[in-house]
Amino acid sequence: MIITDLGRFRIKDIEKEVKKYWSTNEIPAKWRSINKERPTYSFLEGPPTANGFPHIGHLRGRIYKDMVLKYYRLKGFNVWAQAGWDEQGLPVEVEVEKKLGIKHKKEIGEKIGFDEFVRKCNELVDYYLSFWRKYATEEIGLWLDLENAYETRKAWYINHVWHFIKEAYEKGLIYEGYRVLPYCPRCETALSDAEVDQGYQEKISPSIYVKFKVEGERGTYLIIWTTTPWTIVDNEAVAVNPEGTYCKVRVGDEYWWIAENRVKEVMDLSGVKEWSCVERVKGSTLEGLRYEHPLMNEVPIHKTHKNAHYVVLAEYVSLDEGTGLVHTAPGHGPEDYETGVKYGLPITSNVEINGVFNEKGGVFKGLYVDEASRKVIEILKNKRLLVHEGTIKHQYPHCWRCHTPLIYRAGRQWFLKVTAVKERLLQELSKVNIYPTKLRARFDNWVANAKDWTISRSRIWGTPLPIWKCRSDPKKVLVIGSLDELKNYAAFLPKVKDDELVHRPWIDEVKIVTDDCQEWVREPFVVDVWIDSGMAWLASVNGLKNQEVWRKLFPYNFITEGIDQTRGWFYSLLVTSVILTGQAPYKDILMQGLVLDKYGRKMTKHLGNVVWGKDAIERYGVDQLRLYILSSYPPGEPFIFNLEELKEPLSKLNIIWNVYRFANTYMELDKFNPEVHDLKELIKNAKKEDLWIISRVNTVQKEVDEYMKHYDLHLATRAVINFFIEDLSHNYLRLVRPRVWREEGDDKYVVYAALYYTLKKGLQMLSPITPHFAEALWLRFIKKFEPKEAESIHLSRLADVEADLINTRLEKVFNEVFRASSFIASLRNAAGIKLRWPLKVAYLKVSDKEIKSMLEEGVETLKFLTNIKHLEIVEELPAECKSKEFLTMSNESMEGCIPSRLDKDTYMEALAREIIRRIQVMRNEADLRVDEFIEVWIKTNDEDIVKSIERLRDYIMNEVRARKLVIGKIGSKGLIKEWDVEGKKITIGIQRAGQDAAG
């Protein structure tokens, strides 16, 4: 199917037509096909999480991916473009729970069985994948291989995660530990540092100042401050800064210990008017000072704690907030935990994973942490231990998926010992190119400060942690590294497919018996979902099985995702790859900025400002959207998305379309053939403007190549679009229109050859930006003149830059000519003289010798562009420029003068041009071909117009292709219109030449 219609431009119709062509001719599959003669450019897809609809932020990143991939395919590479989906973990679970009305984890198993819950998770994934395939892949022209997409829920993929865990365990990098971690009480699971970092939100918390009574000293108290009153239930110490200065403040009959520089603020908050510091000591002096737990009677377990309830030293204690004394609950704070271990304090954590106090919580048993906080405040108030009660608005970590405030609690988990390989991580990361370069420090710093990774999660829908313990001897550990290994060990396997066997509940039905243990029990965790996606560098291609394929791709040339993936996917890929292979899995990373709404706010469902991908595509079409996204902002910067700005890209595409319409019309008319009218032969007859446009297209290609090396996609896009709009449409076509309009001579073929060469190369550069639009023009234009060319522009090969055709000096000359032309246009505008009205003379003063030389070299072109018969480039303006007959103006680099009004001769010519313009408009309205001749009748009572027509009859007839021009009458057929020409009434009639026209 070859499409030849270059009529009216309708973007949505074009896209629909092109998609049908691609599908019918299997173009995407051919584009992905591997040719052994070509080098390979490998791309690793950051798998979207299949738990929601794609929005404009997702489309932005996927359009970036497509531009890069199509560019490298155009350059002659095989492109590895496999799709991938991240399908497990908390995001999917949370949505399934919402759909099922599940509020607590324990309801899974009570309201719905594990097996049914997992099936619901699979169903949800399948539902969302249909939208991701259509609107975030196929519709936007992203030609990822969907048929062979990797899926993290599949058994063959999970095999690689298990392989990694076993290898890491055998290298001594996986261990079981007990420490304080962030938990989501709603999701009932621990979170990694990276996940915590994604979920900070504003929260209003209690802010209380409390008295802890010092033992053995009447009326003496330690004053602490906390925003989590519930943690006082598990308090075991009070920490002070060893180097800080502390005051014993007299308040009435009591003494309060407070850091010296915090005393006044605490007194003001407490409403204490009179106080005095009766003793000053260094913080280290207070070490060992014992106090009575304020909730000793309410939480009886504290009566059994011997090494507890005294002042400890900690350098992290701030002297700039609170009281300078930090209430320490080793079971609820990472720093508190480290201090507790150092001093041998009890690690009390009476809060369960769901945020509810257990039976050891005394009177707080069964209370959620927020309820417990309110009760703690009430009890302290009744005991007169509450110094001040208020609130504080601060940034607090929330669950990145369900947005529940996190709690910190001590628990048993499995950890990956990242700290042991940190130096190698940094070493390998230093070899990776990160764009934009200013974001490199963000990644470097994260890795430099990385802690051991909590890889276990207390969830259901995920990769089961492949660690078993012997029931009779828990010190015995068995780590399974593959599905085959599991089957070899199994004494019993449930009769399910492999994709189910590697999930709960079926994995926990497997019975393992060995010579040294009669019953092995799997650790009741799934693996952190970031390890799933983090193994994509190997698992995506089933690398354990397909070693040869994987080795050809690894390390991958290019990956890109949002800047937040610095601590997510980018990091997890690096850690897993370095542990298994010793090297980074990628060469180049493009970090994308966030997408914001037009007011600069983050797009969220809560604000109702999310722009969904489906809506944007259906409303505006794809290439209009692509051009807007690719040209507006640097990829690494925040993108302020404004739907109102989408009109401009469409107008630019319309201009480009009309450039091809122009070329097609005249080339077809004159039977141009690029094989017959070979540029290499005709270039010897080329004029300056031809050599300039040929040079420009190669210079632009050179610039695009350089921009793409650094993933400056916005600059590459702007360079291509600017070339079409400014260089081609506004300038070159303007210069060559008279040459292609001439009836005789071969000069027009020089124009066609130069223009065709330029349009073909330019269109290929445009194709990764607007793939549908470029394909439509390829089929309508290039394939028309070169039927043997590639069946799709995306299967074509962009020829290398032809450096010998680049003329830097000539480009500079034309650049200065166009700048001078714009300046003279401003002069004309100031004088009220239209550009189509000729001027007899103009002077241009240029001080810079180099610029003056270039303008003299291009003066004929400048005269044509400015419609000036005689133009002088001078060092000083002539005296006549100072007269009233001339208008003078200047800018930072030149000064010019033109006549302030037209003389009689140029006025006559100006009127003729006005008439020509109106006849050309009428030709277009009459739908006449450019090569058709017409007959013209003009009737007016204005003497000047009549004189103008009589004097310039031949010029007018030649310009409008008229065989007959009659003054004073109007034909009875054809198109007749009344016009106003500079305040003068005129009636014009036109019809095709040869028709009967009674007067």
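Trainee: Which strands make up the open sheet, and in what order?
Mentor: Four strands, ordered β34-β33-β36-β35, with mixed pairing. Strands here are DSSP runs of E with at least two residues, helices are runs of H or I with at least four, and both are numbered from the N terminus. Two strands pair if DSSP finds at least two bridges between them.
Mentor: Bear in mind that this is a predicted model: local features need pLDDT of at least 70, side-chain atom pairs count only at pLDDT 80 or more, and totals for chains, interfaces and linings use all residues. Residues are numbered from 1 along each chain as its sequence is written, and side-chain values use heavy atoms, leaving out hydrogens and water.

Trainee: Which strands sit at the edges?
Mentor: β34 (962–967) and β35 (975–981), each pairing on one side only.

Trainee: How do β33 and β34 pair, parallel or antiparallel?
Mentor: Parallel, over five bridges, with β33 covering residues 934–939. E935 stands opposite K964 in β34.

Trainee: Which helix lies across β33, β35 and β36?
Mentor: That's α30 (residues 904–925), running at about 145 degrees to β35. Angles run from 0 to 180 degrees between N-to-C directions, and axes are lines fitted to C-alpha atoms, for helices over the stretch in contact. Helix α32 (residues 953–960) packs on the sheet too, touching β33 and β34. Contact means heavy atoms within 4.5 Å.

Trainee: New topic: which residues of α19 are buried?
Mentor: In α19 (residues 613–620), G613, A616, I617 and Y620 are buried, meaning under 20% relative accessible area with a 1.4 Å probe, protein chains only (exposed is over 50%, partly exposed in between). They cover an arc of only 95 degrees around the axis, so they're on the same side of α19. That arc is taken from the directions from the helix axis to the C-beta atoms.

Trainee: And what covers them?
Mentor: The cover includes α1 (11–25), α3, α5 and α20 (622–632).

Trainee: At what angle do α23 and α27 cross?
Mentor: Roughly 105 degrees, with the axes of α23 (residues 688–709) and α27 (residues 808–831) coming within 9 Å. That makes α23 roughly perpendicular to α27; the cut-offs are 65 to 115 degrees for roughly perpendicular, under 35 for roughly parallel, over 145 for roughly antiparallel, and oblique for the rest.

Trainee: Which residues meet there?
Mentor: From α23, K688, E689, L691, W692, S695, R696 and T699; from α27, L810, E811, F814 and F818.
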